[in-house]
Structure formats: structure tokens, C-alpha cells
Amino acid sequence: MRHYQEHVFVMKLTKVKQGQTVDNVPNYLMSLFRPSVQPYMISWLKYDPQKEIAQLNKPILLVQGETDLQVTVEDVNKLAKANCLTYQFDNGVGFNYVLSYGL
């Protein structure tokens with residue numbers, strides 16, 4: 001069952017990345033692919049954060065919490081390498097994406 005759910009997720013995400021909205025969204029994916037969210041996702045998925053950050057000619061502060069479920073330590077390291085003016089604060093031991101402890 002999990003393999004099937006992952007397959008459905010990948011298929012839906014692929015269409016959204018191509019700028020298409022998706023129908024027949026199963027309940028377990030509704031938080032990501034509900035109709036009201038799809039235009040937002042389509043508008044943001046066209047950007048590559050590394051390319052965008054590389055174009056900036058200003059200092060950037062990156063803050064990463066080790067329990068962040070949305071942006072991994074690897075992701076933030078890639079962003080840091082994209083811009084030589086970046087200051088990275090990654091001492092967020094135990095912090096999540098809203099910089100609070102726990103999940």
C-alpha cells in the first residue's frame with residue numbers, strides 16, 4: 001500500500017511541477033494537493049532555490065533546525081554554497097522549522 005501511495009504522490013507532484021492542476025486527490029494527499037493550494041505550489045515549484053540565491057549580491061542568513069522536516073541540513077548546505085556572502089547559523093540543535101523544540 002505504501003508503495004502505491006508514494007507512486008500516486010510522485011505522479012501528482014510531477015503534474016504540478018509541469019504547471020498542471022490535478023484532480024482526484026486522495027484524502028492522504030489533500031493537505032498538499034487540495035485545489036486551493038495547487039496554484040500556489042505551481043507558482044513556487046518553478047524556482048530553483050540554489051539558482052535564485054546565487055543571483056543575489058547581498059548577504060544571506062540561513063538558519064537550520066536539525067529536526068526541520070521541510071528543509072534538511074543537506075538542503076541548507078547547498079544553499080550556503082550557492083552564495084559566497086551567505087552566513088549560515090546551523091546550531092539549531094533540537095529545533096524544527098519554526099525554530100521551536102520538538103515537532
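This is a predicted model: local features need pLDDT of at least 70, side-chain atom pairs count only at pLDDT 80 or more; totals for chains, interfaces and linings use all residues.

Visitor: How many helices and strands does the protein have, and in what pattern do they follow along the sequence?

Guide: Helices (H or I, at least four residues) and strands (E, at least two) are DSSP runs, numbered from the N terminus. The protein has five helices and two strands, and their pattern along the sequence is α-α-α-α-β-α-β.

Visitor: What share of the contacts with a separation of 6 or more joins residues 24 or more positions apart?

Guide: A contact means heavy atoms within 4.5 Å. Of the contacts with a separation of 6 or more, 51% are between residues 24 or more positions apart.

Visitor: Which residues form the largest nonpolar core?

Guide: In soluble globular proteins, nonpolar side chains tend to be buried together. A nonpolar core is a set of buried Ala, Val, Leu, Ile, Met, Phe, Trp, Tyr and Cys residues joined through side-chain atoms within 4.5 Å. Here the largest one has nine residues, namely V8, L13, V16, V22, V25, L29, F33, V37 and M41. Helix α1 (residues 2-17) gives the largest share of this core, three residues. Another core, of six residues, lies apart from it and includes I60, L62, L79 and A80.

Visitor: Which residues does L13 touch beyond its neighbours in sequence?

Guide: With residues up to four places away in sequence not counted, L13 touches F33, M41 and L45.

Visitor: How many salt bridges are there?

Guide: Side chains of opposite charge can pair when their charged atoms come close. A salt bridge is a side-chain nitrogen of Lys or Arg within 4 Å of a carboxyl oxygen of Asp or Glu. The count by this rule is two. One joins the side chains of E6 and R2, at 3.0 Å from N to O. These two residues stand four apart in helix α1, which means that about one helical turn separates them. E6 is partly exposed at 39% relative accessibility, and R2 is exposed at 63%. The other salt bridge joins K78 and E74, whose closest N and O atoms are 3.6 Å apart. Both lie in helix α5 (residues 73-82), four residues apart, about one turn of the helix.

Visitor: Which side chain of opposite charge is nearest to K12, and at what distance?

Guide: Lys and Arg count as positive and Asp and Glu as negative, while His and the chain ends are not counted. K12, in helix α1, is buried yet has no salt bridge, and the nearest side chain of opposite charge is that of D23, 7.7 Å away. Leaving aside neighbours within four places in sequence, K12 is in contact with V22, D23, N24, P26, L29 and F33.

Visitor: Which residues form a nonpolar patch on the surface?

Guide: Patches are made of residues with over 30% relative accessible area and no salt bridge; like charges are joined within 9 Å, and nonpolar side chains (Val, Leu, Ile, Met, Phe, Trp, Tyr) within 5 Å. M1, Y4 and Y28 form such a nonpolar patch, with about 400 Å² of accessible area together. Y4 lies in helix α1 and is exposed at 51% relative accessibility.

Visitor: Where does N24 lie, and what is its phi?

Guide: N24 lies in the loop between α1 and α2 (30-33). Its phi is positive, about 50 degrees, although N24 is not a glycine.

Visitor: Which residues does L85 touch?

Guide: L85 is in the loop between α5 and β2. Not counting residues up to four places away in sequence, L85 touches N57, K58, P59 and I60. The C-alpha atoms of L85 and K58 are separated by 6.5 Å, although the two residues are 27 apart along the chain.

How values were computed
Residues are numbered from 1 along each chain as its sequence is written. Side-chain values use heavy atoms; hydrogens and water are left out. Buried means under 20% relative accessible area, exposed over 50%, partly exposed in between (1.4 Å probe, protein chains only). Accessible areas come from the Shrake-Rupley method with a 1.4 Å probe; for residues, only the protein chains shown count as cover.
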